[in-house]
Amino acid sequence: MQLNYKHLRYFWVVANEGSLAQASKTLFVSAPALSVQIQKLEEQLGQSLFDRKNRQLVLTEAGRVALDYAETIFSTGSELLDRFANPDTDTARKVRIGALSTLSRNFQLSFIRPLAAHDDVEISLRSASLPVLFEELDALNLDVLLINAPPPGEREPSWLAHLIDDQPISIVGSPSRVNRYRNLRDMLREEPLILPSPNSSIRQNFDAWLDRERVVPRIAAEVDDMAMIRLLAREDIGLAVAPPIVVRDELDSGLLIEAQHFDALHETFYAITPRRRFVNPLVRALIDEHARLASDSQSWG
């Protein structure tokens, strides 16, 4: 059994107008015909929707419940029309974000933080491997994908890559480790290092720097998850190589300090969106804001 939305609309107008006579003028339908349509809706629902009191139609308890549903249904219909008539307006209420499973949690939080101003927005955040996330993006199950490496070029026709942040790399560690050294090279030779995995852009850039400086490090751990690098640094397993945003809380609290800041070494963050005519306006606003901040940072850098 399917709901007859024409009957529901007639009921909705009558309930808002308060009488069959006024509703018939609004709908250009005779009052007797409206009465018949509402009776059919009552038969389908198995409930009486109106009581007659002093020639007025008064909603029953079931009628009030039905009106709440009708308000939601027709309001959503209006939003649907407005969404396609004005694709750049802020009418989307859900943002579906995919993030590479190894991506910094602090960066993910900084990306979605502007959505906190929208208390009626539902955020869906999914972490997975890159192939899985691109499949979801291609299927339009995600509005945006966050990654921290240049996107694969063979997929370019189906999506757009937006550079939204460019974070310099630092060596961080506990004060007890860092403060005992005056020479960076001695520290790197003697202290164990927590490094990103060899296939990451951070590691490749850092290894190139080590080679130029003729430094052979002691490697304590190679980790492809920034959250794990953060935890190992907190546990004082060794010095960590990571963007400061990964350990922002620890730096702010003094649990970790920067031993070296590399202006020339960076980790880039991209927001990937499908090539669509109807882009989620909240995602568009997020990307525009982060891209502007990244551009300002580079301009002043």
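Here are a few notes on the pocket, the surface patch and the salt bridges in this structure.

1. Ground rules. This is a predicted model, where local features need pLDDT of at least 70 and side-chain atom pairs count only at pLDDT 80 or more, while totals for chains, interfaces and linings use all residues. Residues are numbered from 1 along each chain as its sequence is written, and side-chain values use heavy atoms, with hydrogens and water left out.

2. The pocket. By class, the lining splits into 10 nonpolar, 7 polar and 2 charged residues. Nonpolar covers Ala, Val, Leu, Ile, Met, Phe, Trp, Tyr, Cys and Pro, charged covers Asp, Glu, Lys and Arg, and the others, Gly among them, are polar.

3. The nonpolar patch. Leu3, Tyr5, Leu45, Val65, Tyr69 and Ile73 make up a surface patch with about 560 Å² of accessible area together. Patch members have over 30% relative accessible area and no salt bridge, and nonpolar side chains are joined within 5 Å; areas are Shrake-Rupley values with a 1.4 Å probe. Helix H4 (residues 61-85) gives the largest share, 3 residues. Helices are DSSP runs (H or I) of at least four residues, strands (E) of at least two. Val65 is in H4 and is partly exposed at 43%, the cut-offs being under 20% for buried, over 50% for exposed and partly exposed in between.

4. Around Glu191. The model has 13 salt bridges (a Lys or Arg side-chain nitrogen within 4 Å of an Asp or Glu carboxyl oxygen). Glu191 pairs with Arg177 at 2.5 Å, N to O, linking the loop between helix H8 and strand S7 to helix H7. Glu191 is buried at 4% relative accessibility, as is Arg177 at 14%. Glu191 also bridges to Arg180 at 3.4 Å, and Arg180 is exposed at 53%. Arg177, Arg180, Glu191 and Asp236 are linked in a salt-bridge network.

5. One more pair. Arg203 and Glu222 meet at 2.9 Å, N to O, joining helix H9 to strand S8 across 19 residues of sequence. Arg203 is buried at 6%, whereas Glu222 is partly exposed at 43%.

Definitions and conventions
Patches are made of residues with over 30% relative accessible area and no salt bridge: like charges are joined within 9 Å, nonpolar side chains (Val, Leu, Ile, Met, Phe, Trp, Tyr) within 5 Å. Buried means under 20% relative accessible area, exposed over 50%, partly exposed in between (1.4 Å probe, protein chains only).
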